[in-house]
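Biologist: Let us examine this model together, beginning with a single residue and ending with the confidence of the prediction.

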Amino acid sequence: MASSASTGARIVRSFGFAFEGLANLVRTQPNFRIHLVAAVFALVVGVVLRLSTAEMALLVLTVGTVLVVEALNTCLETLCDLVSPTYHPLVKKCKDVSAAAVLISALAAVGVAALLFLPRLV
């Protein structure tokens, strides 16, 4: 049975790996940075417009979804490049569908932002 000290160390180490992954995304993925800037902007606008707690929760979930889908897209593209360094039509299809998932989540986020922000701005 593992001691609580070793369990704690594993947990701390796993958070370290997660922050390392996040830093890698920010450092190497321009689209992730764009989504991150848009996310910060949307959250600031939400605060300025005094969205309700429920509306801010929806905004946070929407922003989080876009960032997660972008991260998963990066993972999938990286894995595709590893398993098939040369062109393959199925790898292209996989990458295109993964990129489409990011697009869908980003368009949904724009829709949520419009529904939350436009009534207060008009």
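**Contacts, helix packing and confidence**

Biologist: Leaving aside its neighbours within four places in sequence, with which residues is V69 in contact?

Modeller: Contact here means heavy atoms within 4.5 Å. This is a predicted model, in which local features need pLDDT of at least 70, side-chain atom pairs count only at pLDDT 80 or more, and totals for chains, interfaces and linings use all residues. Residues are numbered from 1 along each chain as its sequence is written, and side-chain values use heavy atoms, with hydrogens and water left out. Once neighbours within four places in sequence are set aside, the contacts of V69 are A101, V102 and S105.

Biologist: In which helix does V69 lie, and how far apart in space are V69 and A99?

Modeller: A helix is a DSSP run of H or I with at least four residues, numbered from the N terminus. V69 belongs to helix 3. In sequence, V69 and A99 are separated by 30 residues, whereas their C-alpha to C-alpha distance in space is 9.1 Å.

Biologist: Are helix 1 and helix 2 roughly parallel or roughly perpendicular to each other?

Modeller: Their axes, which are lines fitted to C-alpha atoms over the stretch in contact, lie 6 Å apart. The packing angle is about 100°, on a scale from 0 to 180 degrees between N-to-C directions. Angles under 35 degrees count as roughly parallel, over 145 as roughly antiparallel, 65 to 115 as roughly perpendicular and the rest as oblique. Helix 1 and helix 2 are therefore roughly perpendicular.

Biologist: Which residues of helix 2 make this contact with helix 1?

Modeller: Helix 1 contributes L22, L25, V26, R27 and T28 to the contact. From helix 2 come P30, F32, R33 and L36.

Biologist: How are helix 2 and helix 3 arranged relative to each other?

Modeller: Their axes are 10 Å apart, and the angle is about 180°. Helix 2 and helix 3 are therefore roughly antiparallel.

Biologist: Which residues of helix 3 meet helix 2?

Modeller: On the side of helix 2, the contact is made by N31, F32, H35, L36, A39, A42, L43, G46 and V47. Helix 3 supplies M56, L59, V60, V63, V66, L67 and E70.

Biologist: Where in the chain is confidence highest?

Modeller: The predictor's confidence in each residue is pLDDT, from 0 to 100. The chain averages 95, and 98% of the residues score at least 70. Confidence is lowest in helix 1 (residues 4-28), with a mean of 92, and highest, at 98, in helix 3.

Note on methods
Helix = DSSP H or I, 4+ residues; strand = E, 2+ residues; numbered from the N terminus.
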